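Take a look at the chain below.

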Amino acid sequence: MNTLAAINHQVRLAARPIGLPKPGDWSRTEEPVREPADGEILVKVLYLSLDPAMRGWMNEGKSYIPPVGLGEVMRAGGVGRVIASRSPHFAEGDYVSALTGVQEYWTGRADDKLAGVARIDPQLAPLPVWLNALGMPGMTGYFGLTEIGRPKAGETVLVSGAAGAVGQTVGQVARHLGCRAIGIAGGRDKCDFVVNELGFDGCIDYKNTSLRDGLKQHCPNGVDVYFDNVGGEILDTVLTRINFKARIVICGAISQYNNTTPVKGPSNYLSLLVNRARMEGMVVFDFAERYQEAVQIIGKWIQEGSFKTREDIVEGLDQFPAALLMLFEGKNFGKLVLRVAAG
Ligand SMILES: NC(=O)c1ccc[n+]([C@@H]2O[C@H](COP(=O)([O-])OP(=O)(O)OC[C@H]3O[C@@H](n4cnc5c(N)ncnc54)[C@H](OP(=O)(O)O)[C@@H]3O)[C@@H](O)[C@H]2O)c1
């Protein structure tokens, strides 16, 4: 490819959103593709990961990662193909995952720690799966459950956002560890998928049935590990059903990310005291040194057919602003991925 002639289309953060991001919070730019310098690679981005965390990265203020600056290309994880390399570690034609940003091409140092460039194997699983179970959400579910939730065989593991990227992994890892896995998801179709395709032991449709009744039905002996992806009312209700020494993994709180009022904290938190239970936050990047461990295990399960994944793929870089909103409306069915270019 003559990369010098290619144009890189990009989506940049234009304004800090109040509530749900609006079209005016984004700008579209284009610039010539930059050739790699010594130690750099040029990647053609094929798929981008759309993540609830993006909403937090758009806010000013201290977090576990600096905010995206106004005018900067929006941060995003992606997978793509190396089309030019001046690094001894990558060759043209290699497939990689990296924090590429919402753009068609990424040029950067192959050893950039923040970008986290890693070679991926499309033979092991299709590229979008590398943004799902074999990517950041999968690592989150795997290490969040095994290291923070620490379930024992026979225990009941409950996970919200069960049909989503992180939730799919949590429930299936729990099953592999010999636990009962119960999901919480919005809608009959998602619940059917979670039970019939992913092999969970049950799923509560919180949008159409009572969560309280569902917990009584599906967790008759209480909840030992609750993996919380949504926060808010759901977390508060689950707190009324936890067991002695229960562990609650605070992974995310998507129900609160677009609030224009303060985050709603759990009013039932004294259940932690009564049950000598604990709630603990986790950030996936803390486990970066161990990602390969989880990739090997989950990759083997995928190949054996004992671990399923589902991706929801939206076509085209231009769709980024609208597609991101799907996450906050529960319109994604599986890991939300944007296809930027053909493989
Ligand atoms: N701590 C970390 O390192 C880390 C890393 C990755 C992700 N996370 C967090 O993990 C969570 C899940 O992320 P994901 O990528 O797997 O997303 P996802 O579950 O694939 O997609 C988001 C889902 O959240 C649910 N949702 C949206 N608004 C909701 C609301 N108001 N109340 C209840 N549920 C709502 C929807 O599912 P339903 O249709 O079922 O409602 C939606 O499909 C997020 O909170 C994310 O921030 C944390």
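A crossover is right-handed if, with the strands pointing away from the viewer, the path from the first strand over the helix to the second runs clockwise. Helices (H or I, at least four residues) and strands (E, at least two) are DSSP runs, numbered from the N terminus. E9, helix H4 (residues 188–197) and E10 form a right-handed β-α-β unit. E8, H3 and E9 form a right-handed β-α-β unit too.

This is a predicted model: local features need pLDDT of at least 70, side-chain atom pairs count only at pLDDT 80 or more, and totals for chains, interfaces and linings use all residues. Residues are numbered from 1 along each chain as its sequence is written.

Two strands pair if DSSP finds at least two bridges between them.

| E10 (residues 202–205) | parallel | four | isoleucine 204 |

A residue is buried if 20 or more other C-beta atoms, placed from the backbone, lie within 10 Å of its own. In strand E9 (residues 180–185), six of six residues are buried. In a regular strand the side chains alternate between the two faces of the sheet. One side of E9 has Arg180, Ile182 and Ile184, the other Ala181, Gly183 and Ala185, and all are buried.

Where does the ligand lie? Domain 1 (3–132 + 310–339) and domain 2 (136–285) both give residues to its shell, so the ligand lies between them. These bounds come from an automatic or database domain assignment.

Terms used: A residue is buried if 20 or more other C-beta atoms lie within 10 Å of its own, exposed if 12 or fewer, and partly exposed in between; C-beta atoms are placed from the backbone.
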